[in-house]
Amino acid sequence: MRNYSNRRKFITAIGSIGTASLAGCSSILGGKDGSNLLDSTDSSNSTTDTDTPDGISTSGKSVDKFNNMSSQWEVQYGKPTTTTKDVFQGDQSVVLRPKKNGKQATAKISRTFYPEALDLSNHDLSLAAKVNKPDTVKIRAEIIAPAQSAMLTATRHIPKELNGWVRFDLGYTDKQGNPVLGNVAKINLQIGPMNKPFEVLIDDLRKVPKGNKGKVMFQFDDGHVSAYETVYPLFKEKDWTGSVAIIPDAVGGDDRITEANMREMGKNGWDMVGHASELLPKYSSEKQRRILQETKRYLNVKGFKRGSEHFIVPYHRVNSASLKHINELFKTAYLQGGGPNNARRPSNPAFISRVNGESIRGTRQIVNMAAEFNQLAVIYYHEIGGEGLPVNALKKVIDHVANKDVDVITPSQFVDNSHW
C-alpha cells in the first residue's frame, strides 16, 4: 500500500490560503492561436444570456465582452492589447502583459461605470481567462463600490498546466470599508506583480444571480481515518455532514478509512466523493479519462452513487483535457482556487474553488466573506490530529462556522438544492 503522507504535506504546502483564498456547462472552450494588437470598437456589449461557440448556454448577463476596449477600459499598468484570433466568446479578448523593462511585472486595467453604476446587489461576477505564460498566475479583481475606501477584492489561482480557456467565479476574499454592491463605480482587473513576464488573456466578464444565503462545504482528502474517528463525531454534535475524498487504492490501508466506515458515514448523509493519487496532466487524454472513470466506477460499485457524481482534483492541477473529461463525467469538481464561489450555481461547476483550512485566521476570513455576501466557501483538510491539523484548531473553525448564518452542505446537497 502506498504511503500518502508526503502527498498530504505537498498539497498542504501549495494549498494554504494564509491569512489574507456542471457537468454540461461551458467551462472549457478552445481558442485560436495568434494575436491582433489593434483595439476594436465595432460592437456593443450584450446584456442577455448568450451561447458559447460550442452551442452551450452561458448563464447570467454580460457586463463586458471587451469589444470596446479602447473606449471603456483604462490602462493602469502594463501594455495590454487585444486579439480577435483567440477568444472565449464574442469578437475579441484582451491580452494582459507587463511593460518591457518595467520595474515590476504587472498589468492592470480599469473600467468606470458612469453615469449608471453597475448593480451587483443580487449578482456575483465571473470571468474567462487563458494563461499563455508563465506556468501559473493569480488573477485579482477589485470591485470599487462606490469609492476606493469601500472595496471588495476577489482572487483566483489558475493551475500551472491549464493550457486553455476556463471560466470561473470571482469570489470575494477581502473587504475594505463598507461596499455598497448596488452602486459599483469601478472594476479593476490585475495580474501581478510577478517576478517574470506573463501573458494572460481575459474575456467575457459576466454577472450571475447570487444565492440567498451563504454556504460552507467541508471536504477531507485522501480518505484519512481521522475523517471517521475524529471529524464524524464532531460534526454529529452540530448535525452537520461533510464529504470524504476517496482514493480507491488507499481504502483500508494504514491510517485510511475502511469500507465499513464509508458505509456508516454514507448512511448518515456524508458524501464519499471521487479522488485519485495520479497527477492528471502528466498523462495522455485517454489515460486521464480512464483514471476518472475507474474512480467513479469504484464508488458506484460500492454503493455511493451520489458521491460518485463529484470529484476532488489531485494536487489541484488540471489541463484542458482533464477539465473536458471531468465536465463530462461529474456534476461538480473542486480544486485549490483561493476564494469562495457563487452559492446558487457556480459559473463552472467543473472548476469550483476551495481553500486549505489549516490557517484558522484565513479560514475564518473566507467564511466571513461567504456569509456576508451569500457565497460558497469550500474548505478542505487532510489528516486531523496526529501529524495533521490539531483537533482544537478544527474545533475553532467549527465553532466559528456555527456562529455564522450559513448552511453547511455536501456536494450532493449543493446540487439538489441549487437552481441547476
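This is a predicted model: local features need pLDDT of at least 70, side-chain atom pairs count only at pLDDT 80 or more; totals for chains, interfaces and linings use all residues.
Reader: How many of the residues in the chain are buried?

Author: Buried residues make up 60% of the 420 residues.

Reader: Why is Ser-110 called buried?

Author: Ser-110 has a relative accessible area of 2%. Buried means under 20%, so Ser-110 is buried. Ser-110 is found in strand S7, residues 105–112.

Reader: What makes the pairing of Ser-110 with Gln-76 a polar contact?

Author: The side chains of Ser-110 and Gln-76 come to 3.3 Å. The cut-off for a pair of N or O atoms is within 3.5 Å, so the pair is a polar contact. Ser-110 also touches other residues, including Trp-73, Glu-74, Lys-186 and Ile-187.

Reader: How do you know that the span of helix H7 is close to the one expected?

Author: Helix H7, residues 360–372, has 13 residues. The expected span is 1.5 Å times one less than the number of residues, which gives 18 Å for H7. From its first C-alpha to its last, H7 reaches 18 Å, so the span is close to the expected one.

Reader: Which residues of H7 are buried, and which residue just after H7 takes a positive phi?

Author: The buried residues of H7 include Ile-366, Val-367, Met-369 and Ala-370. Just after H7, Asn-374 takes a positive phi of about 55 degrees.

Reader: Which residues touch the most other members of the largest nonpolar core?

Author: Phe-66 and Ile-202 do, in a core of 55 residues. Apart from it lies another core, of 37 residues, with Val-216 and Phe-218 among them.

Notes:
Residues are numbered from 1 along each chain as its sequence is written. Side-chain values use heavy atoms; hydrogens and water are left out. Helices (H or I, at least four residues) and strands (E, at least two) are DSSP runs, numbered from the N terminus. Buried means under 20% relative accessible area, exposed over 50%, partly exposed in between (1.4 Å probe, protein chains only). A nonpolar core is a set of buried Ala, Val, Leu, Ile, Met, Phe, Trp, Tyr and Cys residues joined through side-chain atoms within 4.5 Å. A polar contact is a pair of N or O atoms within 3.5 Å; within protein, one must be able to donate a hydrogen and the other to accept it, and residues adjacent in sequence count only if both atoms are side-chain atoms. Contact means heavy atoms within 4.5 Å. Lists of a residue's contacts leave out its neighbours within four places in sequence.
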